[in-house]
Amino acid sequence: MNKITQSAAWQKLNKHQQQMAKVAMRDLFNDDPERFSKYSLEAADLFLDYSKNRITQETFDLLCELPDNRDLASHIEAMFSGQIINTTEQRAVLHTALRNPDETSKPEVLETRNKMLASAEAIRHGKWKGFSGLAITDVVNIGIGGSDLGPAMVTQALKPYQAGNIKLHFVSNVDGTHIWETLKELNPATTLFIIASKTFTTQETLCNANTAKEWLEQKAQTANASEQHLIAVTAQPERAQEFGIKTEHIYPFWDWVGGRYSLWSAIGLAIAIAIGADKFREFLAGAHAMDDHFRHAPWNQNMPVILALLGIWNSNFFNHKTQVVLPYDQYLELLPAYLQQLDMESNGKRVDVDGSPLDTSTAPIIWGSVGTNGQHAFHQLLLQGTQKAPADFIMPLNSQNPIGQHHMLLFANCLAQSQAMMQGKTEAEATEELLSQGMAAEAAAQLAPHKVIPGNVPNNTILVNKITPATLGALIALYEHKVFVQGTIWGINPFDQWGVELGKQLAKNIIPGLQDSVKSKQFDSSTCGLIKKYFQNN
């Protein structure tokens, strides 16, 4: 594959960056009163303001040459049409097909969706009974990675749409504390477990699933007590059957659904239980609306493409190695962790699709927290640190809980942080401010350098009217497509994760060494020494 860095478009951007490195964003705003309207757009009920990036129209036009250089349009159609684009695993990538409307869905997708939603409604309305004849009150989703982060994030984000009669719990960590703390408050007679694993071989998930099954059987003291309390969501139904789960309680998905893209499938059963079938369909519809926009909008009006290109501009040309996600909505507290997996597991690659080493950086490190908490933790680094981190602010215009002045203050803080990152504060401004407060000139001169904020930190603001199932679906799809566009331009495969697999393989090799001290001597000296410490204390 041709290196994108050798393309004419990339070379022009390199040259252009040298000019833009000297530009202050505050000057761009001062020079152009129409900047906000030029660099903002709306799609699928999301509004994106990207005017606080170090770009001019020339920058934007040059960036929009990159998709054509990589024939992005063909890659998009290849994905939507089900061609094999995950080349290292020889798989299609069709998570977008999971959110098609009923009338255009694949038959197997529609069948599973209808079965899943019917079960969700039965659970929600007390029709699904446990071994004692009591209705389900608690649902525990046991998974990890995409089988946990997605459902957990969405369930938390859409908490205002939950009926409240079913409590959702999520167990992912193989640390026994996680499942112990979850189970100790639950009644086995009214608890249902969803075991979510694509392969049904994931070590952490199966360990937690076995513990849950043993807990059920010990507490119930009734034969086959777990039959009505275990559900499996998997691409390997026969393995779920071997585990002891009834065939009618197994919900399939397919190898063309990547784990971190699977919440639209039966992996979203916990979401459907939480918000109900109708709201789950609205969630799918929001994502589908973003799919349509992404598939058909021109690059310069295409929200996922624009976000992707700005990310490349900031990461590859200005050498910003991290990206901070700042949702100003408490319900979105898990969104940064979800996007961390989506972006870093997808594009954290070092070779292109042909296996050749890349000559440019790929995925930035994704991190973040909800506002305003982050302002009192790490925003100091964002504003005055030696490392700049481009930011995405995500803000609902209306609160789910309109109490007093809370939302006005939240919105003011979001805008202020975005403005501060862009605008900063000069030494002259800091000095004038101190003098106006009555400080002596000499003291002001000494303190002013400490109050300088360089500014010029690029940031985007995404507004929604309110976080609803539809707008959340659109927001997630926006970031999915952004990641896909960036992977395509970098020339990598965003749909495999071989780095994850190595850790799993090595863990399987180490387990025998932790069970038998003789076998522990086959590893490197560090691993052997640490295993010895384990034996000395167990």
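Helices (H or I, at least four residues) and strands (E, at least two) are DSSP runs, numbered from the N terminus. The model is predicted: local features need pLDDT of at least 70, side-chain atom pairs count only at pLDDT 80 or more, and totals for chains, interfaces and linings use all residues. Residues are numbered from 1 along each chain as its sequence is written, and side-chain values use heavy atoms, with hydrogens and water left out.

**View 1. Asp45 in the loop between β1 and β2.** Asp45 is found in the loop that separates β1 from β2. Its phi is positive, about 65°, although Asp45 is not a glycine. The relative accessible area of Asp45 is 55%, so the residue is exposed. Buried means under 20% relative accessible area, exposed over 50%, and partly exposed in between (1.4 Å probe, protein chains only).

View 2. The whole structure holds 18 aromatic pairs. Rings of Phe, Tyr and Trp (its six-membered ring) pair if their centres lie within 6.5 Å; planes under 30 degrees apart count as stacked, over 60 as edge-to-face and the rest as tilted. Phe36 and Phe47 make a tilted pair, with 5.8 Å centre to centre and 40° between the planes. This pair links distant parts of the chain: Phe36 belongs to helix α3 (residues 35-38) and Phe47 to strand β2 (residues 46-49), eleven residues apart. Phe36 counts as partly exposed, at 43% relative accessibility. Tyr39 and Tyr50 pair edge-to-face, 5.8 Å centre to centre, with 65° between the planes. Tyr39 lies in the loop between α3 and β1 (40-43) and Tyr50 in the loop between β2 and α4 (57-63), so this pair ties together parts that are eleven residues apart in sequence. Tyr39 is buried at 3% relative accessibility, and Tyr50 is buried at 2%.

**View 3. An aromatic cluster and charges over rings.** Trp10, Trp313, Phe317 and Phe318 are linked into a cluster by ring pairs. Elsewhere, charges sit over tryptophan rings. A charge sits over a ring if NZ of Lys or CZ of Arg is within 6 Å of the ring centre and within 35 degrees of the ring normal. Arg99 has its charged end over the ring of Trp264, 4.6 Å from the centre. Lys106 has its charged end over the ring of Trp256, 5.5 Å from the centre.

**View 4. The six-stranded open sheet.** The strand order is β1-β2-β13-β12-β10-β11, with mixed pairing. Two strands pair if DSSP finds at least two bridges between them. At the edges stand β1 and β11 (365-368), each with a single partner strand, so one side of each lacks a neighbour in the sheet. From one strand to the next, the twist averages 20°. Strands β12 (residues 391-396) and β13 (residues 459-464) run parallel and are joined by six bridges. Ala391 has Asn459 as its bridge partner in β13. Helix α15 (residues 335-347) lies across β10 (322-327), β11 and β12, at about 175° to β11. Axes are lines fitted to C-alpha atoms, for helices over the stretch in contact, and angles run from 0 to 180 degrees between N-to-C directions.

**View 5. Ser418 and its surroundings.** Ser418 belongs to helix α17 (residues 406-423). At 1% relative accessibility, Ser418 counts as buried. Leaving out residues up to four places away in sequence, Ser418 touches Lys52, Phe393, Asn459 and Thr461. Contact means heavy atoms within 4.5 Å.

**View 6. Nonpolar cores.** A nonpolar core is a set of buried Ala, Val, Leu, Ile, Met, Phe, Trp, Tyr and Cys residues joined through side-chain atoms within 4.5 Å. The largest core has 111 residues, and Leu66 and Leu472 have the most contacts inside it. Helix α20 (residues 469-490) supplies the largest share of this core, twelve residues. Beyond its neighbours within four places in sequence, Leu66 contacts Ile4, Ala9, Trp10, Leu13, Leu309, Ile312 and Ile489. Another core lies apart, of 20 residues, including Val140, Val171, Leu206 and Ala212.

**View 7. Strand β8 and its partner β7.** All five of the five residues of β8 (residues 230-234) are buried. Leu230, Ala232 and Thr234 point one way, Ile231 and Val233 the other. Four bridges join β8 to strand β7 (residues 191-196), and the two run parallel. Ile194 stands opposite Ile231.

**View 8. Backbone details in two loops.** The peptide bond from Gly371 to Thr372 is cis, with omega near 10°. Thr372 lies in the loop between β11 and α16 (379-384). Asn319 is not a glycine, yet has a positive phi of about 60°. The loop holding Asn319 runs between α14 (303-317) and β10.
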